[in-house]
Structures are given as C-alpha cells and as structure tokens.
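Let's walk through this structure together, one feature at a time.

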Amino acid sequence: MTVRTRFVRMIPILMLAVSFHAQAQLTLVTDSVDISAFPKISVRTVARQGGLLRKDIPASDFTLKEDGISQSPLTIRGTRGARSFCLGVLVAGGSMVNSGDISAARAAIEKIIDSLEFPLDEGAIYSYSTNGTTLIEPTTSKQLLGTGAANLSSNVSGPNHLYEGLWHSLGGIAGETTGINALLLMSNGLDDGSAKTFTDVVTFAKNSRIKIFTLGIAGIGGAATLQNLSTETGGQYFTNTALAIETVVNLLRETPDHFFVEYTTNNQCRDGVARSIALRVRSGNDSAQSTRPFDISANPASNISATFKVDTGGVALGKTILLRVLLQTAMANQRFYPATAELSFDTSKLKLTKVEVDSSLIPDNTVSFSTTASGASLSIAGTSVLSGPGRLLKLFFTGADVTQNTTVPVTMTSLTFTRGCLMPVLVAGSVQVLPKNYGLTGSSKPYTFVWNTGTNDYDPAVEVIKADITNTGDLPVTGLTATLPASADYTVVQGSTAVAAVVPSSLLPGEKGTAQWRVRAVPRADEKGQQIDVPFTCAEGATGTAKIFLNIKAATSAATMLCAVESITIVGGTHTPMPARVTAVVKSAGTATGPAGTVSITLPGALTLRTGTTTQAFSALAPGTTQTLTWGVEYPTNLPAPASYDIALVMSGTGRPNDTSGVTMVVPVATAPNVVTGCITHSPVIAYDSVAKRWPPFQVTARVRNTGGGTSASLSAELALPPQVLFAPGETIRKTVSPGLAGGDSADVTWNVQAAGPGCADRTGQFKYRFYEGTTLKDSCTSQVTILRRPNLAPEITGRTPATTDSLTMNSNHTFTVNAKDADGDAIIYAWFLDGAPVGTNQNSITQTFPSTAPHTLRCVLTDPCGDSAVTIWTFRIVTDAPATLAAAGFAIRGNSPNPFSPQTLIEFTVPDGEHDVVLDVTDASGRVVAVLVSGRLAGGTHRALLRTVSASGATFANGVYFARLRSGGASLTHPMLLAR
C-alpha cells in the first residue's frame, strides 16, 4: 500500500515533464540583429515556454518578415558553451521509492547522456539505498554510461541513507580534472539513519568545489532538504525533469540562452534607412512574435539605374487613351517604395482623367493624383517587390478639340522615392491628338438575276446596282468614289467602269450619296448567292465598305466567253512572243447544251492579224465543256514609250444577244539594263544552342534584279562581317552573282556564316554589303545582327599539389600545381600571387624557393575569358628543419577541433612508443610563442591538449592564424589553426 501511494503521487510530476511544452505559454525575444555578413542576416533570438528554453523548434515553424516582406529560406544556428565538465548522477533507492520512480530517473539519465559532448565531457552514475553504489565511474564513453543507466534498478526494501549515498558519489567525482564538477541528485530528500550528516556532505562538496543540483522525485517528502543542499553548494533545486535536464547541462557548459535565425535578405539595397524585422514562431497551438528594428549603412554601390518610359499613342476628340509608364530595366528583388512624381503635358490638349497602378508589376502599391497648371502630381503609396521589367502605371488621357493633328509631349519630370536604391532615368512619351473625325457608312438592297428561256438571257439582262454612302462623321467629305470588285460571276457593261463616282461626290455631315454600276450576270449551271464588299473612299482619306447581295439563278442553254492576251516581255533586247496570241475560251455555262455561235475580233490600226480569221465559229457544247479560239496578233516594236492596245471580241449566237469582251495588249519598250539590289536578309537575332554548345550557323542572302530591257554585264558582291561573326569554312568574301542578268530576271547570292566566341555578353554588329557591275560599285547597304550571350560556368578546380601543407623547408625548391577544368571548354588563365604580389601567369604550376623563415600565403586565381574565376590558397610557414624528421619517427599532429575555433580548441597529437621529451607550444603568425601546452616526457600514444584563447591574466588572443608546434630532439612539426570570433 505504501509503495502504491508513492507511485500515485509521482504521476503529476512525470506528466508535467511530458506535457510541459504543450501547456506552457510561449515567449519570443529578438535581442540583436547582426548584418556584418550582409546580405546574410542573423537574428539573435531567445524562445521560452513556461520559463524553459526552447532550442528544438525547427526552422519551418518560424516566419520572418523584413519591412513587411516575407523572407525565406530560414535557417536555425544553435549556440553552445565551450566549458567541459564532469557530471555525476545519483538516484535514490530503498523503501521510499518504487519502480515507477526508477523508470522516470532512467529516462532522465538517458536524456542527460545524449546532451553530453564526448570526449570533452565526462559522466558518472551512482545509486543508493542503505549505502552508495557505483554503477559507472567517471567516463567519456557514451556506451558505458548507457549500460549504467540500463542497470539502474529499484530496491524497494531497506532504509534510505541519503547522506551516505551523497558522500560516496561526491568522492567518485571529486578528483576529476575535466573542468567543473557537479552532481545531480534525484531523491525525495528523506534520510532514515545515515552515518553521515547534512553538514558532512555540504562541507565535502564545498571543499571539492562540487555543485549539487537536486530533482525531487517519489513525493518529494524532503523538499526543504533538497533545496538547502543546492543552496549551500551553489547548485539549483528542480521539480520539473525537463527543466532540470536542460538547465544543469547548460549551466555547466555555460551555454548561452540564445540561438540565431538566419536568412539572406531579398532586399540587397543599401539606402541607409533602418529596417524592421517581425519574427513569428508557432509551436503546437501556441505562437509568439517579436519585432526589432536594425540599421543598414548606406552603400552607393547598391544603387541601380532604372528607366521609366512614358508610352506613346493617339487619341481623338472626346476619346480616351491608355498610356502606360514602363519600367525597362531588370529589377530583381528591388523594392518599389512610396514615391511622388510630376507629369508635364499641355492641359489644353489633354486631360488626365484617371491613374492606376498596373498590378502585374507593383501589386502592393496604390496611386492617387491631382491636376496642376502644367500637368499632374502623382502620389504612389505602398511597397512592392519588383521581379523585373514591366508595366508600372496606367495613365488615362482624354483628347481635346484641335484643328489639326497635334503631338503633345507627356513627360515625367521627376520621380522621387521615400527610400530605396532605384535611380530613375526618365524617358518622355507623346500623344497624337487628332481633330474632329471623318466617318462614312454604306448600304445597299439585294439584287436577283433570273434566267429567261424565251430570250436565252437573264432578266434583267443588265441590272443597275447601287450603293448608298452616308457621311456619319464630324466633317464634310469630297471626291467620293466606290469600287465594284472584279468577279467571275458578273461583268461591268461597256459605258460603266468598276470605279464609280458617288453622286453627289461631296457630302456634308449626315448627307447621303449614291454610286451605281451597269452589270450583266454571267450564266452558270447552278444558283449562286454572294455578298460583295464594295469599298469607298474620299479625298480626305476616310474609308468604308458597302455590302451588296447578289443572287444569280441557274441558266439553261447558255455560253460564256473568257478572253486573254499573252504578256509581252523583252529578252536579250528582243520582244517576245511575236506574234502575241489572243484567245477566247467559250464554255457551256447552263444546265443544257449551249448554243453554237461565232466570235469576232476587232483590232486597233497599229496591230495586224497574222494567224486566224477575223470571225471564228464555235460549236454547240455539252454542259461543262469548252472550245478555245486563237488569233496571232503582230505589234510594233520600235516604240519610244510603252503602249497599250484595246482588242474587242464579240460572241454572237442565234436567239441570244451579243456578248462583248475586251483585252488590253501592253507592249514594253526595250531599254538598257538597269541592275538594282535589295538589302541583305538574315536572322536578326542568333541565340546560343545550349545542347550543341555553339551558336547555330546561319545564312546571309542578297537579291539582285535587272529592271531594264537589256542584259547586264558580269555581276559580283562582297560581304564584310562584324567582328563577332566568321565565314563558314570554304566561304569567300566576294562572290560572282551572275555572268550576265537578262532584263526582268533576278539572282540571289548567299554566304554561310557562324557566330564567334567568347560571347560573354550580348553583342550587336553590322553586315556591310557591296554590289558591283563589272568593276563598278553599284550599290551598298548595312544590316544589323544581334548575337545573344552564351551561358558561362566558372573554372572548376579538380585537385592541387600539395593538397595541404602547414610548413616548408627553407632554401628548397617547392612546386605547387593546380588541376582544373572548364565545363564550357574555355581556355583557363592562371595567375599566381605570393603574399599578394604577382609571381607567375599562364601556367598551372609554379616552383618557389623561400630563403627566410616567415609565414606565407600563396594564391592561384583561375579565370576564363568571361572573367569568371576560381581561387585556391596555401598558407604555410618556413622552417629550417624538414618536418619529415619527426613524422618519420612516428610523431604527428592529428589536428585540432574545432577549426576555426573560439574561444578554445582541443589539439590532438601522437607520440611513438616509448618515452620522449616533448614540447607542444603555440605561435602566432610572426613566430612568437603565445602558449606552452605541454613540456616534459610523454609515453607513446595519442594525447590531447586544450588551448584557451583567454590567458590566466585575462588577456585574449587576436583573430588570425596560429601554429601548433610539436618539438622533440631538435626537430619540429607545425599545424595551422584559425581563430575567428
């Protein structure tokens, strides 16, 4: 019953430890911000929950905003103390505890073991009931300590000799020299008959400089005793297991309370204006937030030029135009802060009616405006992150009444930001304000052609088609004409032309005029309905379209005629063909066999019929078949100027009206050759092919034409390339175009070229083209090409010799070699620097001799043609004895940890078998001894020595390179170390 009672009383204590984080209030403090590594920023932070430090919160539970803008990714960098210690743990047993108490103690010990850092720390485990029992003596073995925790068992019978257990465990750790020594007692504070007393234990602890920390378990019947033990010895009393585990280790190690939340700011502007950090953390259902301002010193190098361009457009009276303000320079991760701007424009010609921000670029800004006598003032509020170029503002202007087209400049005369690094370059735009506008609309009624079998013609045979034109604009119009487009479905009757004058040809606003044409439908075998778009225009340039609907019914027995004349050209100074052929193609156009008939040709006096008779007959044709009639016509060739001759052809047949058609023969004049050229053509932009790792080859082509009548002399062309373009293998600068180019002919000349490296930036150049006839330069021109930059990777160091070194012998040749590759295939330029001074170039290896003892730094900089580079550095000292003397004998400095270090580091070294006189000291970069860590005889094996950067007098070491030096028998080994706070 007694045991069960104690176990019940134990439950609240254990539950408090398990659910502590979930129940206690979360607090967050940011006590400082470090910007020394800008743009990387470290926020020094302390998080507590119910008074317990929280360093186990993952970065994903934090959010951080800088000036209201979210920052990511966040990383957590913890801190720890540098002091080593020996911690003994003493657990109560006997009739006053039970197995549940022991299980809770075992779990606590396991957490303490996990928090120790080996080999710097030591741990020991003890238990007591009637006396003290050693489970594990002080050791740096985590495995042994784990075994001791597992062996902790419950003895539920017998007395509880608390003070004898304390006396025994204090004696176990009193002689340890690791650092500070302490004891954690897990007990209820009760004692029932120890030979030792409270005073005995406190005196022993004080004399041994051991702090006793106490954690009440098993009902904590002797809480006052536990509190007094901790108070008297400089320890601390706990009732919460989790708090005890964390606090004891942190106090012994002198671990700071804080950790660091770190990020790289996405605002790299250095405008000198203070910023604010808002850090928020969530743990379970609780959250906390802390804010802190921090200062950023100004840095003009972070300023970026940004071009703000007002767009250009046009607007008419009463209409509204949208003019955009464009940001043309890439602004990755820059801020667009609140700003004011002044617009200048002629307010009598334009009126600013509305201004908006374009959410595609600055979604978190708003804008308002007020009109001024010279334009408008804009006020832009809010802050946005600029992702690049784009549309910034929308300016809505309304046009005023002007008498003629008027260009109105719109200028942003100033743009002033409250903060930030944007340096505005302002580019003006303009608005073309148009006077009162012209407007024309057209309309028409539908027309239908019906076949009359009695007349073998359409009814009506000739239809007068009309289009009505109305002036719907603000101004009068004159010289109105309308054009009926050509069609295979109808013909314009002689006496009427396709281009018809509108009557009246001048219209005031609101007035209407009419254009008309006399039209015959062309017979067909099926019915067709079509819409004809009739364009019209006026002398003032206004245009419109009238839509006319024609419905042509199917014919029965009918024929149509299509006439043509051969084109006459000049080849080699001779007209061809001679004679020219005139043809009439007669086709059965109805649903039944067409009527037979004749076609007669009528020539003007200058032309002579050479083949064929004046009148030729055609036969009755089955539906869909044709018959071609041909005439050969001779024309004059000795003309002073080109001439045109109209030839009439009349188709006649029984029982139907005559159908007249005409063709025009054009006779050119044989002229001298006239060779001209068009400018060159090619791809204006050449992009780099990342797969083929080259710029693709391309062609440059020029065309030469002979617009004269005669044949030209020999033609040639040459092409001069911009420096970033090369001829393809086998190409020549000058090429023959043609040995002779006949009148009317043309020829092309093509060069194959390719872009040249290195191509580290976009490059723009010009092709220069010259064209020669014989030896005479006839024409030239230029054309621009842009070669886009190629991606570039910096050289990669693949190895170096020696890989590492800390000391070299004096007056000996020492060779240093760097092995590297460049993924782009670029040549690598090597530059060597000894202590900052150049000592060699254009080689991957260098040999140096060092005549005096001094520390040195050798640096090799590898650069590709685009200026991207990689660096490797050796840091070493010059000694008079070869380091291999000791190394060959089995001496070695195995290194130091941590390195870089602050405020202390542990140096590990090896001594060969036997005993040896050994000195281990530390020198600074100038060779001055700053600490002697070991001096005397040592047995063979591995040894460690602790270097503290604060001396006994309180002096501190300066940041920099130090050398651990191991000496024995006149020889020495050195090892570099870096102190960096």
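One thing to know before we start is that the model is predicted.

Two packed helices are described by the angle between their axes and the distance between the axes. Begin with helix H5, residues 162-173, and helix H6, residues 198-207, which pack at an angle of about 15° with their axes 9 Å apart. Because that angle is under the cut-off, H5 and H6 are roughly parallel to each other. Their crossing is left-handed. On the H5 side, the contact is made by Tyr-163, Leu-166, Trp-167, Leu-170 and Gly-171, and on the H6 side by Phe-198, Asp-200, Val-201, Phe-204 and Ala-205. Sorted by class, this contact between H5 and H6 has eight nonpolar residues, one polar and one charged.

Now find a second pair, helix H3 (residues 99-115) and helix H8 (residues 241-253). Here the packing angle is about 30°, and the axes lie 10 Å apart. The pair H3 and H8 is therefore roughly parallel too. H3 passes H8 in a right-handed crossing. From H3, the residues that make the contact are Ala-108, Lys-111, Ile-112 and Ser-115, and they meet Thr-241, Ile-245, Val-249 and Arg-253 of H8. By class, the contact of H3 with H8 has four nonpolar, two polar and two charged residues.

Let's turn to charged side chains. Side chains of opposite charge can pair when their charged atoms come close. How many salt bridges does a search of the whole structure find? The search finds 37, and a few of them are worth a visit.

Start with Arg-524 and Asp-526, whose side chains meet in a salt bridge at 3.0 Å from N to O. Are these two partners buried or exposed? Arg-524 is buried, with a relative accessible area of 18%, while Asp-526 is partly exposed at 41%. Both residues also belong to a network of salt bridges that links Asp-489, Arg-524, Asp-526 and Lys-528.

Next come Asp-533 and Lys-547, whose side chains form a salt bridge with an N to O distance of 3.0 Å.

For another setting, look at Glu-731 and Lys-735. Their side chains meet in a salt bridge at 2.8 Å, N to O, and both residues are buried.

The backbone deserves a look too. Most residues other than glycine have a negative phi, and most peptide bonds are trans. Where might you look for cis peptide bonds here? One joins Ser-72 and Pro-73, with omega at about -5°. Pro-73 lies in the loop between strand E5 (69-70) and strand E6 (75-77). Another cis bond runs from Met-578 to Pro-579, with omega near -5°, and Pro-579 is placed in the loop between strand E41 (574-576) and strand E42 (580-588).

Positive phi values are the next stop. Lys-693 has a phi near 55°, a positive value in a residue other than glycine. You will find Lys-693 in the loop between strand E50 (685-686) and strand E51 (698-706), and it is exposed, with a relative accessible area of 56%. Asp-835 also has a positive phi near 55°. Its place is the loop between strand E61 (829-834) and strand E62 (837-841), where Asp-835 counts as partly exposed at 43% relative accessibility.

Finally, visit Gly-318, in the loop between strand E17 (313-316) and strand E18 (320-327). At 55% relative accessibility, Gly-318 counts as exposed. Which residues does Gly-318 touch, not counting residues up to four places away in sequence? They are Thr-398 and Gly-399. Gly-318 and Lys-436 are 118 residues apart in sequence, and their C-alpha atoms are 9.4 Å apart in space.

Terms used: Residues numbered from 1 in each chain as written. Predicted model: local features only at pLDDT ≥ 70, side-chain atom pairs only at ≥ 80, totals over all residues. Heavy atoms only, no water. Salt bridge = Lys/Arg side-chain N within 4 Å of Asp/Glu carboxyl O. Buried < 20%, exposed > 50% of the residue type's maximum accessible area, 1.4 Å probe, protein only. Axes fitted to C-alpha atoms, helices over the stretch in contact; angles between N-to-C directions. Helix = DSSP H or I, 4+ residues; strand = E, 2+ residues; numbered from the N terminus. Parallel < 35°, antiparallel > 145°, perpendicular 65-115°, else oblique. Left-handed = near helix turned anticlockwise from the far one by under 90°. Contact = heavy atoms within 4.5 Å. Nonpolar A, V, L, I, M, F, W, Y, C, P; charged D, E, K, R; others polar.
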